[in-house]
Amino acid sequence: MRARLGGAVRALLNADGLKGAPDSVRLGVLVLASRTPWETGVVEISTRELGRWIGLSKSHTANAVVPALKAPGLVMVETAEGEFTQDDGLLCRVQPMWAARGVVGHPLNLAKKELATFWALMEAVMAPGWAHRDGSVTSAGLLGCRTGRGAATERLALLLLVLEARENGWVRLRGGRVDTRRGRPVATLARLLGCSLSVAEAVLERLEDMDLVVRPRMKTGSEMNHRTRLVVPAVAAAHGRRAALRVVEERAEAPDADFSGPGVTVGPSEPLDAEEEAQVSGPEEARNPEFSEPGVTGALHTGHTPLVPPVGPLQVSGGLSGEGRGAEGPLPEGACVREDQAADGEDDVAVPGQRAAEVGPLRGEQPKKSPADEHEDQLAARPGAGVRPQAGSGGKAQQQPRVDLPEDLGLRVALGPVSWLWQRLSGFQQARVEQATEAELGQLEGWVGQRDMAARRLAARLATRLDETGGEARVERPYGWLIGRGLVQRQACADRRCDDGTRLDTGAACENCANVIHIRRAARIQVTAAVGQELPGLEDAARRQVVEERLRAQTEIDAERFVRRREEARVREAEREAARAVARERAELERQAAAAATTVRQVLACEDCGQDGSGGLCEACGFRREATALTTQIEALTARTEMLVAAWSADVSSPDAVAAICARVRTAIDRKVAADWSEFLEITDPAELAADPARAELAAAHTAYGTVQQIAVEAERTALAAFGRTGEAEAEADRAYRTEQGRRWFRHNPTGEAAVAAAAKASATARDRTAQHLLAVRLEQLREQVGVQAGTAAAAVRWMDRLPGLAGRALDGETTVAVTA
């Protein structure tokens, strides 16, 4: 059953529509597949329920997951639009499972019992938990309570691990060569999820923090950690077993007594024959891929004994390569500086031209300085170079090297993988490396937003560069390697966030690099096809040569085009800079003109009262204008309030009844405004109002406006409530209730809680909309009636009677010109 379900899950995840899709979409397809009825093959589910199964909210599921399911045609979805244009009810059919129905041997042609087991497995892993009508409760699964960002990825990862686990909970790990810094379990999960190692490591750590997976280290007979296992304890518990979290592996004795194996204790060093090979292997052997996760532990390095002077024939007493050569002859390959000194500490005469071998971690000594540094080599060649000067003649004191990393936590984390190289640097070099590291941390912090995350990213970069080099022992010049290779960012494409094909902000693979590779591969395929059509009779070698020549020519054309585009971009940038300079100059001229106009306007007299130097309008007149505008708004709100009250409480066909209601409403508004103004006077000093009448007028207008606005809002709410109780509104609400209750996803249980809640909501919405429509119609009728009355009143006054009043008004302007007939 595990094999059948694992094959079905892999077939769904490898479908064309799911390649490169988010984990929430991939998990949504698996949830729909597990809920698919065997009889119909169609799933009825709501958006909220689907979001609970994948650990996301209803809105995110409707806006992101459901459209992604429908886009590639992988899942046929029929939806019902909700209140906010979101998909509420879903009727889904997983197309691969529908196409595999009845196909013998197809991994997605699952039997009824297999679908039931699949559904039970999904419940055990990620069921959100719910209560049934009969009182029974289905508890949440292992990750049922995990919601939010990353929840879908963790649920999918745990499901895949459960399908890969054996009865004892062990997960079969990925074979072959893997990244030893992250481990084989991380590589296994990355292969299952189809993601990068960094993402898989983060997901595995979160599952491990929740005690859902365990990564025990296998123990050897000497209690030393060996290979890593990946265990799912829940699988072992389901089979009635206890997960083996501590496993001891026995190892056979080492084939040679001079070497200690993991199962035996390291003994004292013994003299070796001169013909035997040196026990220190070169760095190339350490890079053998078979030792990334060794199946057999290699022999341990024996302890070194102190050097003794050579006596008699050449013999190796302690296993050191530099011992037993006397005081003459060059140093052997792999020996360190000053290894030809006597045991009593006295320096022997060094032979000119002796080769200083590189210092590696396999040596039994701590390096005193960096032998690869050219500056240090020059100092060492001078007389008295064995003593490090503290200060030069007339110069400042020389910086002393530090053994420990810098005290700053970010720098210590970032430089952790190269701590041994740090010890080989001089004081000046350490200061320069510290400055370069701080600069890189600042740049990374701008991308990731956090200094601790930036430090971890930089440490990962240094570790990767060390792996490329072959380890710290292969670095001959630590300072040059750190400044020129280890710390610098290497952009594999034009994206500034790219570093060796990895995004600095997210840590995932760079999409632009993948696009560049895809474009180059597509170009090679096109050129190869064109050559095959034009020259069909060429041999393979000749065809490859022609293809390479055409690709080289196309590359040169692209390079020329790039240079041309760059020059054009420079010209456009210069033009834009010139345009920006002109715009800045124009803006400065406009600012100066505006400042001059303001200066001129400040000396103008007030337009209303004629006060000099008031800028065209003094403060008191400004208050009066604002009060006048508020009075106009108050009058408009009062008239609307009268109409709102008359719309539901008066007979529209009777003008007298409407006029009486309007008069009563206006009287009530005036009383309320007067009462609020009295309360304002009680909390305000009357002397301040008497000293500034314009400010007092504005305060009264503001108080009246606030009062009338509150009354208008309450009148509109009352009118809507009254029209909502009319027969038209009741009929519309009942019709909407029955329509919503008759939806296809509520037909199986129209009186259920969900159906009743949705119907009640639709009914209330329909009632409100009907009330608003009825109120708008009634207000329009009242406006037409008032307009007719106003027009009749205006027509009652004859034009000849209005002319004397108009003739007495002054004309616009400073002078009045007499017009004679």
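Is R215 buried, partly exposed or exposed? In this predicted model, R215 has a relative accessible area of 23%, so R215 counts as partly exposed. Its side chain meets that of E208 in a salt bridge, with 2.8 Å from N to O. E208 is partly exposed as well, at a relative accessible area of 26%.

The protein has 821 residues, and buried residues make up 32% of them. The secondary structure consists of 26 helices and ten strands. Among contacts with a separation of 6 or more, 54% are between residues 24 or more positions apart. The accessible surface comes to about 49300 Å², and carbon and sulfur atoms account for 54% of that area.

With neighbours within four places in sequence left aside, L161 is in contact with V171, L189, L192, L207, V213, L230 and V232.

E164 counts as buried because its relative accessibility is 16%, below the 20% cut-off. Beyond four places in sequence, E164 is in contact with R10, W170, V171, R172 and L192.

Aromatic pairs are the next feature. A pair of aromatic rings is described by the distance of the centres and the angle of the planes. The count in this model comes to three pairs. W53 and W119 form a tilted pair, 4.9 Å centre to centre with 40 degrees between the planes. This pair links distant parts of the chain, since W53 lies in helix 3 (residues 47-54) and W119 in helix 6 (residues 112-126), 66 residues apart. W53 is buried, with a relative accessible area of 0%, whereas W119 is partly exposed at 23%. Another pair, W745 and F746, is edge-to-face, with centres 6.3 Å apart and planes at 75 degrees. Here W745 is buried at 18% relative accessibility, and F746 is buried at 12%.

Salt bridges number 43 in the structure. Side chains of opposite charge can pair when their charged atoms come close. R738 and D734 meet in a salt bridge at 1.9 Å from N to O. R738 and D734 are separated by about one helical turn because they are four residues apart in helix 24 (residues 727-741). R738 is partly exposed at 48%, and D734 is partly exposed at 39%. R743 forms a salt bridge with E740, with the closest N and O atoms 3.3 Å apart. R743 is partly exposed at 35%, while E740 is buried at 15%. Elsewhere, a network of salt bridges links E440, R461, R465, E468, R485, R490, D499 and D500.

The surface also carries nonpolar side chains. V600, V603 and L604 form a nonpolar patch there, with about 280 Å² of accessible area together. L604 is in the loop between helix 19 (540-602) and helix 20 (619-649), and L604 is partly exposed at 43% relative accessibility.

Definitions and conventions: Residues are numbered from 1 along each chain as its sequence is written. This is a predicted model: local features need pLDDT of at least 70, side-chain atom pairs count only at pLDDT 80 or more; totals for chains, interfaces and linings use all residues. Side-chain values use heavy atoms; hydrogens and water are left out. Contact means heavy atoms within 4.5 Å. Rings of Phe, Tyr and Trp (its six-membered ring) pair if their centres lie within 6.5 Å; planes under 30 degrees apart count as stacked, over 60 as edge-to-face and the rest as tilted. Helices (H or I, at least four residues) and strands (E, at least two) are DSSP runs, numbered from the N terminus. Buried means under 20% relative accessible area, exposed over 50%, partly exposed in between (1.4 Å probe, protein chains only). Patches are made of residues with over 30% relative accessible area and no salt bridge: like charges are joined within 9 Å, nonpolar side chains (Val, Leu, Ile, Met, Phe, Trp, Tyr) within 5 Å. Accessible areas come from the Shrake-Rupley method with a 1.4 Å probe; for residues, only the protein chains shown count as cover. A salt bridge is a side-chain nitrogen of Lys or Arg within 4 Å of a carboxyl oxygen of Asp or Glu.
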